[in-house]
Amino acid sequence: ADPADTLPSLMANHRLVRWHPEGSVLSTATHPEQFWMIDEDDVARPMNRDRLERERLASSVILVNPEEIACYREGTPYQSFLSSDDLRVSRFGTESTVYEMDQTAHTYRPFISYDAFRSWGWFDRQVMTEPGTLASAILSQRMSDGGMRRLRDGTLVKGRGQSEVSVVSHGRRLPIFDWQTFLALGYQSDRIVEVDPTVVDAVAYPRGPMITAERITYCSHPSPCLSGDCDAGRVGGGGI
């Protein structure tokens, strides 16, 4: 058998994952057109296919067991300014910096790197080139600085030549304990972004707590009660 196909299935099939880091996009085989964005405090915000496409998140979806969704509190539908028709990406003259321009909020955000640009779902063909002479007028007079765009939440990242793989989540870079945990979370190695190890903190945020095998099996909000893990009739509460 091909090890590339066999080993991931052997290592990942026997562990029920009940927690994913913030920024993860989940779906199930039973409801393939329903998606959830994991937000702060273990809240799952639903979104439909149209919203998923407008948010440029289709390539980030992780298939999970339906039981896993029961470990999250369902919040209000996911909303993001990325769906705005007034959002575009621009550069000025021959400068290499690309900016995300929000015409509604009158803010701009420079991308810290090309990897960051791609992680937000943009493509080279979408970049509009403005005359260099307009840079000062647009950036200083018409719009305000919204802060640097680093790697998007949910992005897998590692330093080039290093073994530790992390996932970007809520302003931190969470290292993943081992390969089995990586596979159990539904991640794929071809989605790992490699960056210069000297700039990992700048591009992917400072290193945060490690994602362990124990952490991913913890259910924060078991409702309804997950089979085999709690007394009959008990719902809600502080986890298992």
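Rings of Phe, Tyr and Trp (its six-membered ring) pair if their centres lie within 6.5 Å; planes under 30 degrees apart count as stacked, over 60 as edge-to-face and the rest as tilted. This is a predicted model: local features need pLDDT of at least 70, side-chain atom pairs count only at pLDDT 80 or more, and totals for chains, interfaces and linings use all residues. Residues are numbered from 1 along each chain as its sequence is written, and side-chain values use heavy atoms, with hydrogens and water left out.

**View A. Ring pairs link Phe92, Tyr99 and Tyr108 into a cluster.** The whole structure holds 6 aromatic pairs. One of them joins Phe111 to Phe117 in an edge-to-face arrangement, 5.4 Å centre to centre with 85° between the planes. Phe111 is buried at a relative accessible area of 8% (buried means under 20% relative accessible area, exposed over 50%, partly exposed in between; 1.4 Å probe, protein chains only). Phe117 is buried too, at 4%.

**View B. An open sheet of 5 strands runs in the order β9-β6-β7-β8-β10.** Strands here are DSSP runs (E, at least two residues), as helices are (H or I, at least four), numbered from the N terminus. Two strands pair if DSSP finds at least two bridges between them. Pairing in this sheet is mixed. The edge strands, β9 (127-130) and β10, each pair on one side only. Strands of a sheet pair through backbone hydrogen bonds, either parallel or antiparallel.

**View C. Strand β8 (residues 107-110) pairs with β7 and with β10.** β7 (residues 99-102) runs antiparallel to β8, joined by 4 bridges. Tyr99 has Pro110 of β8 as its bridge partner. The hairpin of β7 and β8 has 4 residues between the strands, and His106 takes a positive phi near 60° there. β10 (residues 144-145) pairs with β8 in the parallel sense over 2 bridges. Thr107 is the bridge partner of Ser144 in β10, while Tyr108 stands opposite Asp145. Which side chains of β8 are buried? Tyr108 and Pro110 are, and they point to one face.

**View D. A disulfide joins Cys71 and Cys219.** The sulfur atoms lie 2.1 Å apart, against a cut-off of within 2.5 Å for a disulfide. The count by this rule is 1. The S-S torsion is about -115°, so the disulfide is left-handed. Cys71 sits in the loop between α3 (66-69) and β5 (73-74) and Cys219 in the segment after α8 (213-216), so the pair ties together parts that are 148 residues apart in sequence. Cys71 is buried at 1% relative accessibility. Cys219 is buried at 0%.

**View E. Thr155 lies in the loop between β10 and β11 (156-159).** Thr155 is buried, at 10% relative accessibility. A polar atom of the Thr155 side chain lies 2.7 Å from the backbone oxygen of Arg152. Leaving aside residues up to four places away in sequence, Thr155 touches Ser119, Ser166, Val167, Val168 and Val193 (contact means heavy atoms within 4.5 Å).

**View F. The largest nonpolar core has 23 residues.** Such a core is a set of buried Ala, Val, Leu, Ile, Met, Phe, Trp, Tyr and Cys residues joined through side-chain atoms within 4.5 Å. Leu26, Leu156, Phe182, Tyr187, Ile211 and Ile216 touch the most other members. β2 (34-39), β4 (61-64), β12 (165-169) and α6 (179-184) each give two or more residues to this core. The largest share, 3 residues, comes from α6.

Technical notes. Polar contact = N/O pair within 3.5 Å; in protein donor to acceptor, adjacent residues only side chain to side chain.
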